[in-house]
Structures are given as C-alpha cells and as structure tokens.
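This briefing is for a reader meeting the structure for the first time. Please look over the sequence and the model before reading on.

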Amino acid sequence: MLEAINLTKTYKSTPAVKGVNLYLEKGETVGLLGPNGAGKSTTISMLSSLIHPTAGEVLLKGESIKGQPQHLRAILGVVPQDIAVFPDLTARENMLFFGKVYKLPKKDLKNRIEEVLKLVGLEQQHKKQVKTFSGGMKRRLNIAVALLHEPEILIMDEPTVGIDPQSRSYILETVKKLNEEKGVTVLYTSHYMEEVEFLCKRLYIMDRGEVIASGTKEEVKNILSSEHTIEVEMEVAKDEFLQRLQTHPAISTATILDKKVVLMAPKEINLLEDVFAAAKQSGTVLKGIQIMAPSLEDVFLHLTGRTLRD
Ligand SMILES: Nc1ncnc2c1ncn2[C@@H]1O[C@H](COP(=O)(O)OP(=O)(O)OP(=O)(O)O)[C@@H](O)[C@H]1O
Ligand SMILES: [Mg+2]
C-alpha cells in the first residue's frame with residue numbers, strides 16, 4: 001500500500017537517512033524502532049511527504065507520490081513526535097481548525113469531531129483550552145487530529161512519550177481497535193518494546209540512518225536464536241565485574257542496567273562458572289542469575305549496542 005524505496009535524506013553533509021526500504025501492506029501494523037537519532041522521524045516525514053527525500057521515492061499503491069502528494073495526504077493520518085495543537089484554543093476549536101485544513105465538508109465535521117473526541121476519550125473535555133490539559137490529554141488530542149479525516153493509513157511517531165500509564169493503554173487500545181475493526185494500516189514508532197510487542201506483527205529496526213533488521217517479531221527474535229540471555233543481579237553494581245565479563249571471549253555483549261548485567265552468549269557455552277569467578281575476583285556479591293531466550297529488546301541491544309530507552 002505504501003512503500004519507501006531507497007529513501008535518503010542528507011542535511012548539509014550529515015546523512016540522516018541512508019537508503020531505507022520499507023513497506024506497509026493494507027491492514028498491517030508495523031513497528032519502527034531505533035535509538036535516538038536513528039532517522040525514524042526523518043523517514044516518517046519523507047513517507048508522509050512533509051519533506052523531500054535527497055534520493056529515493058515513496059510509492060502509494062505502486063505509484064510515486066512525487067508531484068501528487070495530495071492523494072497520499074487524503075488517506076494518511078500522521079501523529080507527529082512533537083505535539084502540534086494550539087494551546088489557546090479548546091479541543092473542539094482545534095479540531096474545527098484542522099477540519100478546515102483537511103477541507104472536510106462542514107455538515108459531516110461536527111459529527112466526525114464528536115466521534116473522534118469520543119474515540120480518544122476526550123468527549124468530556126472538548127470545551128477546555130488545550131493549555132489546561134495534561135500531557136496525556138494533549139497527546140490524545142494530537143491523535144484525534146490525525147484521525148479526523150478517517151485515514152486509511154496512520155503513522156504515529158512516539159505517540160505515548162511522557163504520558164501516564166492510563167492514557168498510554170487507552171491510546172494503545174484505540175490504535176488496536178482502529179486496526180482490527182476499521183482495517184487501518186499502522187506504522188508505529190516507540191521507545192517501548194512492549195507497545196510494539198502488543199500492537200505490531202512486523203517491525204523494522206533502524207540505526208544510524210539504515211534499516212538493520214526487519215521481519216515478523218518471530219523472525220527478528222530468530223536473529224539471536226543461537227544465543228541466550230543471562231541476567232545477573234548484583235547487590236551493588238561494580239564496574240570491574242562488568243569489565244571482566246565484557247572482555248570474556250565467549251560473551252558477545254555485556255551491558256549494565258541498574259544493578260543487573262545482561263549478557264548474551266552462544267547457547268552451547270556454559271558460562272555460569274566464569275560468571276561466578278568474575279564476581280569473586282571483583283568482590284561482587286550476586287543476588288540472582290537467570291537464563292532466558294532472547295527477547296526483542298535483547299535483539300535490539302545486540303544490534304544497536306543500546307537499550308531502546310537510552
Ligand atoms: N532538520 C534537520 N537538520 C539537520 N539535521 C537533522 C534535521 N532533522 C534531523 N536531523 C538529524 O538527522 C538524524 C536523524 O534524526 P531523526 O529525528 O530522524 O531521528 P529519530 O530516529 O527520530 O530520533 P528520536 O528517537 O530522538 O526521535 C539526527 O542525527 C538528527 O540530528
Ligand atoms: Mg524521532
């Protein structure tokens with residue numbers, strides 16, 4: 001339905017996106033993950049024709065959108081990373097404004113606004129100025145604006161950043177419902193792996209402007225199928241312990257998260273004795289050890305060397 005071919009964006013001499021290929025099939029929910037600065041928002045801006053690619057192109061139903069972005073805009077809703085609503089207007093006034101921008105017929109607009117405000121759970125607050133809203137309410141209004149013209153494709157750029165857990169699950173449920181009940185195609189960017197696990201069937205991982213992994217969740221997890229993850233919990237975090245593990249020849253990555261060290265190593269190698277020895281040599285008291293199959297988060301860590309929320 002929507003396809004990026006070799007999408008590239010270079011700012012002055014900085015390459016932000018380097019030859020990204022991705023596609024969305026009708027009715028799919030697809031995740032786009034990557035550390036800060038990976039090029040996700042830039043890719044989204046090109047996909048939605050907000051910025052011109054330096055090279056490459058975007059195809060809608062097989063045809064280039066170059067020169068005719070209006071076809072795409074008519075069926076695309078974009079929830080930008082930064083909230084783009086007017087703080088001095090009420091929720092309803094914001095919606096009316098954007099309804100005019102989208103050139104929605106006046107007679108349908110009223111009903112549609114009510115429908116969408118209800119969908120995002122803001123029907124009670126429509127008369128309030130947006131500047132009095134909480135972060136979560138602003139985010140929900142941002143989403144409502146993107147849904148106003150009943151888009152067939154919805155692209156969301158970190159729509160749940162900085163909001164309370166309740167608003168977050170409301171948003172996730174709403175997006176899931178839109179996909180399942182209305183067949184809306186979704187591209188979803190997030191720093192929360194559990195959101196992508198919940199919503200998306202397929203995903204792309206970007207780093208430094210490139211897609212470095214893609215496929216169904218299972219396929220992406222299989223990248224590490226020959227490895228396992230070992231979580232070692234310490235009483236007190238010790239650098240020396242981490243360093244010893246990082247220099248161990250059989251350990252592919254060792255990362256510290258609070259008081260936990262997360263190791264990845266080939267399944268066939270038994271590391272437990274070496275972990276205990278490293279703890280002893282560095283004077284680290286261990287609280288627990290767990291061996292697990294790699295999660296999507298582990299794959300991300302393995303590929304990018306960073307956790308999703310770094
Ligand atoms: N308008 C711009 N001018 C110059 N450089 C830019 C511009 N927009 C983005 N960049 C650079 O392009 C790279 C990719 O940025 P982008 O915003 O696409 O990343 P991102 O994956 O969305 O990151 P985040 O998770 O922080 O939102 C970064 O190095 C950024 O500094
Ligand atoms: Mg971004």
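The notes below cover the ligand shell, a hairpin, a sheet and the helices packed on that sheet.

The model is predicted. Ligand 1 has a shell to which strand S2 and helix H1 each supply at least two residues. Six strands form an open sheet with mixed pairing.

**Around ligand 1**
- The residues around ligand 1 include Tyr-11, Thr-14, Ala-16, Asn-36 and Gln-81.
- Also among them are Gly-37, Ala-38, Gly-39, Lys-40, Ser-41 and Thr-42.
- Helix H1, residues 40–47, gives the largest share of this shell, with three residues.
- By class, the shell has eight polar, three nonpolar and one charged residues.

**The S1–S2 hairpin**
- Strand S1 (residues 2–11) pairs with S2 in the antiparallel sense over seven bridges.
- Leu-7 stands opposite Val-20 in S2.
- Two residues lie between S1 and S2 in this hairpin, and Lys-12 in the turn has a positive phi of about 45°.

**The open sheet**
- The strand order is S6-S7-S8-S3-S9-S10.
- Strands S6 (76–79) and S10 (210–216) stand at the edges with a single partner strand each, so one side of each has no neighbour in the sheet.
- On average, neighbouring strands of this sheet are turned by 15° against each other, direction ignored.
- S6 and S7 (residues 153–157) run parallel and are joined by four bridges.
- Leu-154 in S7 is the bridge partner of Gly-77.

**Helices on the sheet**
- H1 packs on the sheet, touching S3, S7, S8 and S9, and its direction makes about 155° with that of S7.
- Helix H5 (residues 135–147) also packs on the sheet, touching S6 and S7; the direction of H5 makes about 165° with that of S6.

Terms used
Residues numbered from 1 in each chain as written. Chains lettered and ligands numbered in written order. Predicted model: local features only at pLDDT ≥ 70, side-chain atom pairs only at ≥ 80, totals over all residues. Near = placed C-beta within 6 Å. Nonpolar A, V, L, I, M, F, W, Y, C, P; charged D, E, K, R; others polar. Pairing = 2+ DSSP bridges. Axes fitted to C-alpha atoms, helices over the stretch in contact; angles between N-to-C directions. Contact = placed C-beta atoms within 7 Å.
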